[in-house]
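Read it alongside the model.

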Amino acid sequence: MKNSKVRDLVLCSLFVALVIVGTFIRIPIPVLPFTLQLLFTMLAGLLLGPKLGATSVIIYIILGLIGIPVFTEGGGIGYIFKPTFGYIVGFAVGAYATGKIANKEKNPSMRRLLIANFIGLFIVYAFGMIYYYIISNFYLASPIGVKAIILYCFVLAVPGDIFLCFLGAMLGKRLIPMINRGFN
């Protein structure tokens, strides 16, 4: 029992660190930078399960909100007023959903992993795009239309994230059995 708690703590901490590293591996595109955050938040859900996966992302969010510069543009409580903060919230919800779907089976199929990843991706984009629209139009008074949101916050960003869904599923397929047997 104690070993499993220590293992969970170590894995959760590892994914907090991976999400932070993924934040700074980025390819600049208009409006939203392409990062590896999605890959690591997805893998957190797949490998740690819904609760620990989401917990690792929530810890990442808390670290950023208390002022540690772990987000793409720094940190601090004021970050909640950045239009892209919705994607960060979506990462936590997406990690939970991905973990919940994938971990219904002890050794999920590639198909199940892909479905889990794409549902997680949908959640991240739903949270991100809606939040971006609301903050831009009602808080920042910097109006952006629905068509522009779809273009800049979906069309330009999603191809790389679709690739990450496939990469995450392939990594998950290889790593889940190792996590389940405790790296023995």
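A disulfide is a pair of cysteine sulfur atoms within 2.5 Å. The model is predicted: local features need pLDDT of at least 70, side-chain atom pairs count only at pLDDT 80 or more, and totals for chains, interfaces and linings use all residues. Residues are numbered from 1 along each chain as its sequence is written, and side-chain values use heavy atoms, without hydrogens and water.

**Cysteines.** The structure holds zero disulfides. The closest cysteine sulfur to that of Cys165 is in Cys153, 17 Å away, too far for a bond.

Burial is set by relative accessible area: buried is under 20%, exposed is over 50%, and partly exposed lies in between (1.4 Å probe, protein chains only).

| Residue | Relative accessible area | State |
|---|---|---|
| Cys12 | 6% | buried |
| Cys165 | 0% | buried |
| Asn137 | 18% | buried |

**Helix H2.** Helices are DSSP runs of H or I with at least four residues, numbered from the N terminus. H2 covers residues 37-65, 29 residues in total. Its end C-alpha atoms are only 17 Å apart, short of the 42 Å that a straight helix would reach. That expected span is 1.5 Å times one less than the number of residues. H2 bends by about 135° at Gly49, and Pro50 follows within four residues. The bend is the angle between axes fitted to the seven residues ending there and the seven starting there. Of the 29 residues of H2, 21 are buried, so the helix is largely enclosed by the rest of the structure. Gly67 follows H2 and has a positive phi, near 115°.

**Asn137.** This residue sits in helix H4 (residues 110-139). Asn137 touches Ser142, Pro143 and Ile144, leaving aside residues up to four places away in sequence. Contact means heavy atoms within 4.5 Å.

Notes
Helix = DSSP H or I, 4+ residues; strand = E, 2+ residues; numbered from the N terminus.
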